[in-house]
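Subject: Structure handover

Hello,

Here is the structure I promised to pass on. Please open it first, then read the notes below.

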Amino acid sequence: MSKRKEITEMLIDIFDRINIDTPNNFDSILDFVVEDVEASADEKNWHDGDVAIAFRRWIENQNKEDE
């Protein structure tokens with residue numbers, strides 16, 4: 001399975017856990033999260049926690065853009 005596919009599944013799982021529908025801008029969120037995981041996480045030993053951190057960074061980034 002590709003890294004992008006795994007991250008997609010993990011991100012959808014996060015949405016399920018926080019009880020929200022998949023957003024309309026999912027592809028944009030996914031692109032950000034994939035790039036963040038590739039830049040920040042261990043290349044071989046990354047995990048769902050890295051995806052959660054990347055998603056949090058996406059949220060924080062959105063807040064900065066709104067200011």
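A residue is called buried under 20% relative accessible area, exposed over 50%, and partly exposed in between, with a 1.4 Å probe and protein chains only. This is a predicted model: local features need pLDDT of at least 70, side-chain atom pairs count only at pLDDT 80 or more, and totals for chains, interfaces and linings use all residues. Residues are numbered from 1 along each chain as its sequence is written, and side-chain values use heavy atoms, with hydrogens and water left out.

**The core**

The largest nonpolar core has 16 residues. Such a core is a set of buried Ala, Val, Leu, Ile, Met, Phe, Trp, Tyr and Cys residues joined through side-chain atoms within 4.5 Å. Those with the most contacts inside it are I7, L11, I29, V33, V37, V51 and F55. Helix 1 (3–17), helix 2 (26–40) and helix 3 (48–66) each supply at least two of its residues. Helix 2 gives the largest share, six residues. Helices here are DSSP runs (H or I, at least four residues), numbered from the N terminus.

Look at I29 next. Leaving aside residues up to four places away in sequence, I29 touches L11, F15, P23, F55 and W58. Contact means heavy atoms within 4.5 Å.

**Helix 1 against helix 2**

The two axes come within 10 Å and cross at roughly 120°. Axes are lines fitted to C-alpha atoms over the stretch in contact, and angles run from 0 to 180 degrees between N-to-C directions. On the helix 1 side, the contact includes K3, R4 and I7; on the helix 2 side, F26, I29 and D31 are among the residues. The contact divides into ten nonpolar, one polar and four charged residues. Ala, Val, Leu, Ile, Met, Phe, Trp, Tyr, Cys and Pro count as nonpolar, Asp, Glu, Lys and Arg as charged, and the others, Gly among them, as polar.

**The rings**

The whole structure holds three aromatic pairs. Rings of Phe, Tyr and Trp (its six-membered ring) pair if their centres lie within 6.5 Å; planes under 30 degrees apart are stacked, over 60 edge-to-face, and the rest tilted.

F15 and F26 are edge-to-face, 6.0 Å centre to centre with 70° between the planes. F15 lies in helix 1 and F26 in helix 2, eleven residues apart. F15 has 0% relative accessibility, so F15 counts as buried. F26 is buried too, at 11%.

F15 also pairs with F55: the centres are 5.4 Å apart and the planes at 80°, so this pair is edge-to-face. F55 sits in helix 3, 40 residues from F15. F15, F26, F55 and W58 form one aromatic cluster.

Best wishes
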